[in-house]
Amino acid sequence: MVNEIDIPKISQSHLFGIKNLEIDDIKKILDLANFFKSKNKEKNKNYPLLKGRTIINLFFEPSTRTLISFEIAAKRLGADVINVNIERSSLRKGESLHDTAQTLGAMNPDLVVVRHGTNDASKQIAQIVKCPVINAGEGINEHPTQALLDAYTIINHNKKLEDLIVAICGDLEHSRVARSNYYLLDKMKSKVRFVYPEYFKPKDLHKYNVETFNNLKDGIANADIVMMLRIQNERISELNLPSTQDYFNQFGLTYEKLKSAKSDALVLHPGPINRNVEIEDRLADDIDKSVINEQVENGVAVRMSCLSIMVQ
Amino acid sequence: MVNEIDIPKISQSHLFGIKNLEIDDIKKILDLANFFKSKNKEKNKNYPLLKGRTIINLFFEPSTRTLISFEIAAKRLGADVINVNIERSSLRKGESLHDTAQTLGAMNPDLVVVRHGTNDASKQIAQIVKCPVINAGEGINEHPTQALLDAYTIINHNKKLEDLIVAICGDLEHSRVARSNYYLLDKMKSKVRFVYPEYFKPKDLHKYNVETFNNLKDGIANADIVMMLRIQNERISELNLPSTQDYFNQFGLTYEKLKSAKSDALVLHPGPINRNVEIEDRLADDIDKSVINEQVENGVAVRMSCLSIMVQ
Amino acid sequence: MVNEIDIPKISQSHLFGIKNLEIDDIKKILDLANFFKSKNKEKNKNYPLLKGRTIINLFFEPSTRTLISFEIAAKRLGADVINVNIERSSLRKGESLHDTAQTLGAMNPDLVVVRHGTNDASKQIAQIVKCPVINAGEGINEHPTQALLDAYTIINHNKKLEDLIVAICGDLEHSRVARSNYYLLDKMKSKVRFVYPEYFKPKDLHKYNVETFNNLKDGIANADIVMMLRIQNERISELNLPSTQDYFNQFGLTYEKLKSAKSDALVLHPGPINRNVEIEDRLADDIDKSVINEQVENGVAVRMSCLSIMVQ
């Protein structure tokens, strides 16, 4: 059973970000995800490619969907999964990221999945452990599996990743999701737009080959894909934000504003949603427009693909 | 090995409460539990009926015994088990019950076990996820697996569930355990008594076909079964309760008061016990009277039975 | 595959401490660890001796390395593993250690691993549950698997456990690691020294057959093994400690001070390290001197050995 499918190799031994991936790497990951997506609809969802392997989910920030998605992916692949909740760990006793990684690395894991608040945590950890590392969201750098599952979701709606107009909208300053999606779509020769209020202007804007807009309706005009971002309240401290109602009026996606995009435009959101802040309540649940739940479902398949490819 | 035993079907696709079960459903669940109880005494406790299935324990309230009981039950059945500790989850970031359920549901679980503080959480969640839901205690509504394991424990002591006199005693107002036990025993044509101090009078008393008592000794007179309830301190806010010593004097079960029940009466308690508040210390540990530990042991077997039946 | 190796029996049915072990028991545990250490370097690290067995990790104190080490060990042996995080458990609702143990014991575990702040917690629990108990660190009593993995690490560097000079240095008063190592090395006829500042003088010093020193350089003179202890800040309350800089100057291990030991002396530390407090930063990472990471790696193998032997 485990030989039903060939697991491809990619150019990288770690998954730090989309930036380092070749187009061919991305295609291999998305192709393989198809197999797991159909597996996940069967009664028996186990496909024990990673039987006997140890995968550590090392999460320094709270998370439901990403952690659980990785945990389910690894378990369905038959791996032994260890969740390290850093809030009740030795870090309390003052141990550094370096020493935590060294300790975990010494236990011979086959892969470490990392979420952390700083921009190069996954690279730091990869220099210490002797196994592949997957970045599951770090600082405001990248969140590559999110971009891969977004791309997979787009393809599943019969859209090629090439030549799309993609509007990424909202808190561009703090969004690792935006950055990973940018790198992926830019590699694929799609046009990326950053649409944000001035107070969310990304400080590293010069690095991106994007059109920018400060008005949502203009920013999504004629777009194939409208990606709404979460307002990362937990990362904002000093900002004087408008009220959520004002934000919604200006930058919340509504049916009305969406008319400006292509008629078959897809609405994505990485979740969790702030309803009636980033997106109109009903629109978030409208399966003719929004693919938010598909993103979550595809996330498990895409992560099974990534885990299978990285652990070989 | 997995075919040693037939798994029956019941009338319900979710286990929201005892209220909706047919007598025959209850009997099937309790019958099958026998098989798992003996399995659980073997060295190899695995019976991988649910191999490749994903079970999510979604607990919004703290719990040791119920969560661990479900976790052990699911693992012994070979399922992949995901515990969602909502305290470190995205709910912190403001996500609603609805969106949490939608996210988890999108990951293709085969069953979701729910504990929540509101009375219809499991039904709400079942409307969102596309798999069976088991209520593991919600609000002051029901806690069906507790009533099933209590019934199983009673049967194991050679008592038929029919024609018993069962006194349920203590904090009737806040007890979902009491309600589930009431529905089960009433269906079985046993006589249920609610025994409580006035300040614990259930607001929905009119719904139940019970005799009521405000005095413990009178309430348990001639009873076959004495079910003591936990005082749900964590749910009480505005009440002016007596001291625990006063409560014990009036409503705590002692050897002395127990003389009023049948001589072979069984003492049950869903745990965790407040010793010398709800029940005399020594009596709680007296295995000639109290079956509290058996309840815990039977809980795993009964939950294995419920999981096997619901996930098909 | 499961019959590749014979699992020996030892004289004890619980692993409360090194004190109760026979020399032969220790040798059997360390011998078997060799097998698992090499297994842990393979791709497939599963060796399902404990398939179908239920192991509960009952941790009342926070821990990363010990908990994860036991969790990985048990999972690689194929057991169903339940982590009980007591901070979100029923103890919140006022349940005692006794009742927690009784509840967990009723679920038919095959082994319980206990970490607790009091000196006889594992024995207390063993009186209640009907399965083997392993002490994973309790109070200031013992932490036997740490001493076993330390001994294993020493042997792996071609040193026999006999006739060594071993200096155990730092917070002797609060260290269960020191006590377990003392019992092991004393049994093996090695010479143990306790090296500590006056304010860390162990109150039970009279029980140990040791030389004592209040000066680090003197204490480690000509030593084969230098074991640095963690300062258990979390256990210290009333002490007026010097600054960490003063502590480091006096009792921190540096290259300079280490010259006083044998030229091939091994430096051990149970972790997590307080860098530049107990040990010089660079020295901790110097793999020609320090074996701290090997200790962690060996910990998994030694615990797999202990679990295999205790669960039979």
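Predicted model: local features only at pLDDT ≥ 70, side-chain atom pairs only at ≥ 80, totals over all residues.
**Entry 1: how the copies relate**

A rotation of 120° with 0.0 Å of shift along its axis superposes chain A on chain B, and the RMSD is 0.0 Å. The two copies are therefore related as by a three-fold rotation axis.

**Entry 2: chain A against chain B**

Next I looked up who touches whom. Chain A puts 26 residues into its contact with chain B, and chain B puts in 20 residues. Which elements of chain A give two or more residues to the side that touches chain B? I found α2 (65–76) and α11 (292–310) of chain A. The most comes from α2(A), with 7 residues. I also sorted that side of chain A by class: 7 nonpolar, 9 polar and 10 charged residues.

**Entry 3: chain A against chain C**

Then I turned to the side of chain A that touches chain C. Here 20 residues of chain A are in contact with 26 residues of chain C. On chain A, β2 (80–85) and α3 (97–106) are the elements that give two or more residues to this side. The largest share, 5 residues, comes from α3(A). By class I noted 4 nonpolar, 9 polar and 7 charged residues on this side of chain A.

**Entry 4: a sheet in chain A**

The order is β2-β1-β3-β4, with parallel pairing. Why do β2(A) and β4(A) have one side left without a neighbour in the sheet? Both stand at the edges, each with a single partner strand, so one side of each has no neighbour there. From one strand to the next, the twist averages 15°.

I zoomed in on one pair in this sheet. Strand β3 (residues 111–116) of chain A pairs with β4(A) in the parallel sense over 4 bridges.

I followed chain A out of β4 and stopped at A:Ile140, which is found in the loop between β4 and α5 (144–156) of chain A. Is A:Ile140 buried or exposed? I got 23 other C-beta atoms within 10 Å, and the cut-off for buried is 20 or more, so A:Ile140 is buried.

Leaving out residues up to four places away in sequence, A:Ile140 touches A:Asn119, A:His174, A:Ser175 and A:Arg176. I also checked A:Ala178: it sits 38 residues from A:Ile140 along the chain, and their C-alpha atoms are separated by 9.2 Å.

**Entry 5: helix α5 in chain B**

I moved to chain B and picked α5 (residues 144–156). This helix has 13 residues and reaches 18 Å from its first C-alpha to its last, close to the 18 Å expected at 1.5 Å a residue. Of its 13 residues, 11 are buried, so α5(B) is largely enclosed by the rest of the structure. Among the buried ones I listed B:Leu148, B:Leu149, B:Asp150 and B:Tyr152.

What do the buried residues of α5(B) pack against? My list for chain B reads α1 (23–39), β4 (133–138), α6 (176–187), β8 (225–228), β9 (266–268) and α11 (292–310). After the helix comes B:Asn158, whose phi is positive, near 60°.

**Entry 6: B:Leu283**

B:Leu283 counts as buried because 22 C-beta neighbours lie inside 10 Å. Apart from neighbours within four places in sequence, its contacts include B:Leu253, B:Tyr255, B:Leu258 and B:Val267. B:Thr254 is another contact of B:Leu283; the two are 29 residues apart in sequence and 6.8 Å apart in space, C-alpha to C-alpha.

**Entry 7: a sheet in chain C**

My last stop was an open sheet of 5 strands in chain C. The order is β7-β6-β5-β8-β9, and the pairing is parallel. At the edges stand β7 (211–213) and β9 (266–268) of chain C, each with a single partner strand, so one side of each lacks a neighbour in the sheet. The twist averages 20° from one strand to the next.

Strand β6 (residues 191–195) of chain C runs parallel to β7(C), and 3 bridges join them. In this pair, C:Val195 stands opposite C:Phe213 of β7(C). Helix α6 (residues 176–187) of chain C packs on the sheet and touches β5 (165–169), β6 and β8 (225–228) of chain C. The direction of α6(C) makes about 170° with that of β5(C).

Notes. Residues numbered from 1 in each chain as written. Chains lettered and ligands numbered in written order. Contact = placed C-beta atoms within 7 Å. Nonpolar A, V, L, I, M, F, W, Y, C, P; charged D, E, K, R; others polar. Least-squares fit on C-alpha atoms with pLDDT ≥ 70 in both. Pairing = 2+ DSSP bridges. Axes fitted to C-alpha atoms, helices over the stretch in contact; angles between N-to-C directions. Expected span 1.5 Å × (residues − 1). Buried ≥ 20, exposed ≤ 12 C-beta atoms within 10 Å, placed from the backbone.
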